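Colleague: Please take a close look at a single part of this structure and describe how it sits among its surroundings.

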Amino acid sequence: MYQSRVIPVLLCNLEGSLVKTQKFKKPVYVGDPVNAVRIFNDKEVDELIFLDITATAQGRRPNFKYISEIATEAFMPLCYGGGLSNLEDIRAVIKAGIEKVAINSALEKDPDLITRTADVLGSSSTVAAIDVKKDIWGKYRVAVRNASKTLNIPLIEFAQMLEQKGAGELVLNSVDRDGMMEGFDLKTISEVAHAVSIPVIASGGAGNLQHLKQAIQAGASAVAAGSMFVFQGKHRAVLISYPSPSELREINEL
Amino acid sequence: MIAIVDYDMGNIGSVSNMLKKIGRKSEITRDPAKIRDADHIILPGVGSFDSGMEQLEKLNLVELIREKALKDKTPILGICLGAQLMLERSEEGQKAGLGLVAGDVQRFKLDGDPKWRIPNMGWNQIRQVKQSPLVDVLPENPRFYFVHSYHFHLKNEADQLLLSDYGYTFCSAFEHENIAGVQFHPEKSHKYGMSLLHNFSEPR
């Protein structure tokens with residue numbers, strides 16, 4: 001049976017430490033990235049997404065050394081995002097051993113970076129990361145720069161534009177549900193997945209297997225989770241976990 | 001020594017990382033002399049068909065790879081785009097491929113089906129359709145990571161090695177004598193990929 005991918009999302013900061021946020025705020029230290037990658041190797045995870053959440057805010061380039069250290073240990077597909085604003089850095093990230101790049105904040109001013117990246121890497125390595133945040137009127141807005149700024153373009157129009165520009169995949173991330181472990185924003189996932197023909201990775205809100213299953217049923221081609229795979233129990237003790245093969249089969253049964 | 005052909009098409013560091021992990025010596029190279037001396041060749045690659053061929057042409061590697069594969073019978077493994085380039089042509093481009101094995105590359109005819117999105121990105125199972133030291137011994141329930149919009153179409157059924165299903169059944173690996181190609185990424189497929197690369201790089 002063909003199974004939807006289940007993807008741990010790891011966030012890191014300038015020092016290369018892993019952190020986990022809630023609603024994009026309050027980063028909590030959860031460990032060392034290379035160690036985490038090794039554990040995820042043993043668990044044979046489908047893929048990993050690795051995001052440097054401080055690069056754009058600090059106006060700096062990706063930390064190629066950390067990226068390379070992580071990539072050397074990763075025997076699964078690896079997607080990197082954070083501070084990618086030009087083709088030169090994107091090439092350097094690929095050279096450091098990454099398969100896919102996720103572009104987010106640069107989409108505000110330079111959405112054509114998607115096209116230029118896809119021309120060089122191919123669409124399948126070009127991922128557009130869309131952060132979605134509800135505004136005070138409850139309207140969904142596209143957010144950039146660690147959700148510190150929202151754009152005026154409607155979400156569906158934005159997603160379709162990125163597909164047209166050559167993105168091979170979209171990561172749809174809910175800012176409001178980040179780290180809350182209360183379930184995905186199924187309505188948004190369904191709307192975006194039906195509006196584009198490329199794979200959509202649902203992210204933001206996963207707390208249990210049932211949540212993953214719901215997102216797949218809503219139309220996600222893959223599901224991503226952070227807290228669910230790094231915390232254990234109500235006191236959020238750090239413990240890396242991943243569903244077993246039988247659990248993965250179960251969440252794919254419709 | 002295993003030569004990993006470096007022609008600026010995608011992330012090839014992961015191939016050498018995995019070979020290192022399983023204790024095989026390899027070198028990422030575009031140097032014709034080193035490729036000529038290699039006892040195994042891996043042609044990786046991600047990107048479009050024509051740009052892949054253009055790069056091989058630019059680096060003067062087309063004839064060398066043909067000679068090594070067809071005349072010297074050096075074991076050669078193509079991965080993803082690298083494997084597609086080993087066939088004669090592709091619906092994706094205009095250029096002729098390396099033509100190491102008879103066949104062409106076709107786009108998935110699944111457009112517009114929301115269940116079978118393109119590119120096909122994810123893990124898939126394989127069905128072995130002939131004996132081969134490359135895949136005869138693999139860990140139980142093997143699965144591999146795929147990222148592609150196009151797939152092989154072999155002229156001779158006897159060259160098909162593995163089949164997979166995505167919307168319909170397609171050939172996910174071919175093998176003709178010393179020449180093999182896999183559509184998936186063994187270098188990103190955990191122990192299953194390690195095992196396949198181990199099998200490929202066994203001294204012959």
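Modeller: The model is predicted. In strand 10 of chain A both faces are covered. Glu169(A), Val171(A) and Asn173(A) are buried on one side, and Leu170(A), Leu172(A) and Ser174(A) are buried on the other.

Next come the pairing partners. Strand 7 of chain A, residues 126-134, pairs with strand 10 of chain A in the parallel sense over six bridges. Within this pairing, Glu169(A) is the bridge partner of Val127(A). Strand 10 of chain A also runs parallel to strand 11 of chain A, residues 200-203, and four bridges join the two. Here Val171(A) has Ile201(A) as its bridge partner. Between strand 10 and strand 11 of chain A the chain passes through helix 6, residues 186-195, in a right-handed β-α-β crossover.

As for the contact between the chains, chain A contributes 27 residues and chain B contributes 22 residues. On the side of chain B that touches chain A, helix 1 (13-21), strand 7 (120-125) and strand 9 (143-148) of chain B are the elements that give two or more residues. By residue class, that side of chain B has twelve polar, eight nonpolar and two charged residues.

Definitions and conventions. Residues numbered from 1 in each chain as written. Chains lettered and ligands numbered in written order. Predicted model: local features only at pLDDT ≥ 70, side-chain atom pairs only at ≥ 80, totals over all residues. Buried ≥ 20, exposed ≤ 12 C-beta atoms within 10 Å, placed from the backbone. Pairing = 2+ DSSP bridges. Right-handed = clockwise from strand over helix to strand, strands pointing away. Contact = placed C-beta atoms within 7 Å. Nonpolar A, V, L, I, M, F, W, Y, C, P; charged D, E, K, R; others polar.
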